[in-house]
Amino acid sequence: MIFRRLIWASLAAALFVGTVQTAVQRWQAAPLILAAEVYEEQKASALEPAAAPAAHAHGGSADHVHDAAATKEWEPENGLERTGWTWVANVLHAFSMALLVFAVMGGWLYKNGPALASLPLAGLVAAAGWISFHLWPTLGLPAEVPGMESAPLHARQIWWAFAVGSAAAACALLGFARSTWRWALAAVFLALPFVVGAPQLQGDALAGFSAEAHAALEQLGHQFVWATTWVALSFWVSMGLACGLAFQRWLRPALLEVFGLSRVGNMTSVKATS
């Protein structure tokens, strides 16, 4: 019963949040990505051999003609197709994050009771999500437009996961622990990624581009940092709103009953209205 409610509530939140995020991406981030991809394709074309053999033999008399277009990986066309697949990806991502938000809200409700209303609780969890998944990682590794490479991908992924985990641990301590030491330990967790240090490329992140492309991509990179900040804010604000309403409507009553807190919740509401 609760599992079914959880899935439907997460799906409803994901459809709303994914749509909002796609709209903000089309307005803020997509134009910058498309502009940067033009320079990236120019660089890739310049690095290709001037003339490629039309055919070559493989171990005998049979000649095999390789068409570059045929071996190119599929990617959605710019326009409606790309926007549609972006929306699908955003909804799936929002669905997974909604499940996480509901799990944290349910855990807080179990530990602390129904004193805090659903919308403020969802807002606090969404704020922790924005700090953990966007703010803290981007302080060390800002968002990059296509063509930029500030560090090797694998190293960036490891440090990003480390920063997310450290920030999430700090937020969990502040939200669930009650001892005074939680503030000091949370500060340690927040500092850890920067004590280790984010990976940095020894050299120019835009090496190989012409002077004109280099200057243009630098400007696009600065704009992209702000664009992704707005996208992340829109994602977590809409996530907090959608999850707060869905939790209040579908999940909170059932969870209070399962936790044996329904009577406490009723007494709290009576006191609040008296």
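F102 is buried, at 3% relative accessibility, where buried means under 20% relative accessible area, exposed over 50% and partly exposed in between, with a 1.4 Å probe and protein chains only. In this predicted model, local features need pLDDT of at least 70, side-chain atom pairs count only at pLDDT 80 or more, and totals for chains, interfaces and linings use all residues. Residues are numbered from 1 along each chain as its sequence is written, and side-chain values use heavy atoms, with hydrogens and water left out.

## Aromatic pairs

Rings of Phe, Tyr and Trp (its six-membered ring) pair if their centres lie within 6.5 Å; planes under 30 degrees apart count as stacked, over 60 as edge-to-face and the rest as tilted. The count under this rule is six aromatic pairs. One of them, F102 with F247, is stacked, at 6.2 Å centre to centre and 20° between the planes. Because F102 belongs to helix α4 (residues 80–112) and F247 to helix α8 (residues 211–259), the pair ties together parts 145 residues apart in sequence. Helices here are DSSP runs of H or I with at least four residues, numbered from the N terminus. F247 is buried, its relative accessible area being 0%.

W159 and F194 form an edge-to-face pair, with 5.8 Å centre to centre and 70° between the planes. This pair links distant parts of the chain, 35 residues apart: W159 is in helix α6 (residues 153–176) and F194 in helix α7 (residues 181–196). W159 is buried at 3% relative accessibility, whereas F194 is partly exposed at 36%.

## Aromatic cluster

One aromatic cluster is formed by F133, F235 and W236.

Methods: Helix = DSSP H or I, 4+ residues; strand = E, 2+ residues; numbered from the N terminus.
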